[in-house]
Amino acid sequence: MDAELPEEEKVPSWSLELRIGIKETKMLYDCIRVYSNLIDIDEEETEEKEYFNTLKTKFFTVITDYDFKRQFPDSKTDI
C-alpha cells in the first residue's frame, strides 16, 4: 500500500496530545502496570517491554507530582 502513496505521506510526522483528569490518569496507569507485568513474564527484553516500562514510569511521575502538589500546595518545587 505504501507504494501507492506519495513520498511525503509514507512516513508522516504524527503525534497525539491527550488531556485527561487525574482519575483517568490513575486508571490508565493501572492498565499499563497490569499489562507491563503480564509481558514481563518471559526473560526476553523487547522494544514493547521497554516502552511500557518507560510509559509506566512517566505515568507514575505524573501521579506522584499531582499528589505531592495537592498535599503541599505552597511548596516551591518548580525552582
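Modeller: The side chains of Lys 69 and Asp 65 meet in a salt bridge, with 3.4 Å from N to O; the term means a side-chain nitrogen of Lys or Arg within 4 Å of a carboxyl oxygen of Asp or Glu. This is a predicted model, in which local features need pLDDT of at least 70, side-chain atom pairs count only at pLDDT 80 or more, and totals for chains, interfaces and linings use all residues. Residues are numbered from 1 along each chain as its sequence is written, and side-chain values use heavy atoms, with hydrogens and water left out.

Lys 69 and Asp 65 are separated by about one helical turn because they lie four residues apart in helix H3. Helices here are DSSP runs of H or I with at least four residues, numbered from the N terminus. Lys 69 counts as partly exposed because its relative accessibility is 35%, and Asp 65, also at 35%, counts as partly exposed. Partly exposed lies between buried (under 20% relative accessible area) and exposed (over 50%), with a 1.4 Å probe and protein chains only.

A search of the whole structure finds three salt bridges. Another joins Asp 30 and Arg 33 at 3.6 Å, N to O; these two are three residues apart in helix H2, so about one helical turn separates them. Lys 26 and Asp 67 also pair, at 3.8 Å from N to O. That pair links distant parts of the chain, with Lys 26 in helix H2 and Asp 67 in helix H3, 41 residues apart. Lys 26 is partly exposed at 34% relative accessibility, as is Asp 67 at 32%.
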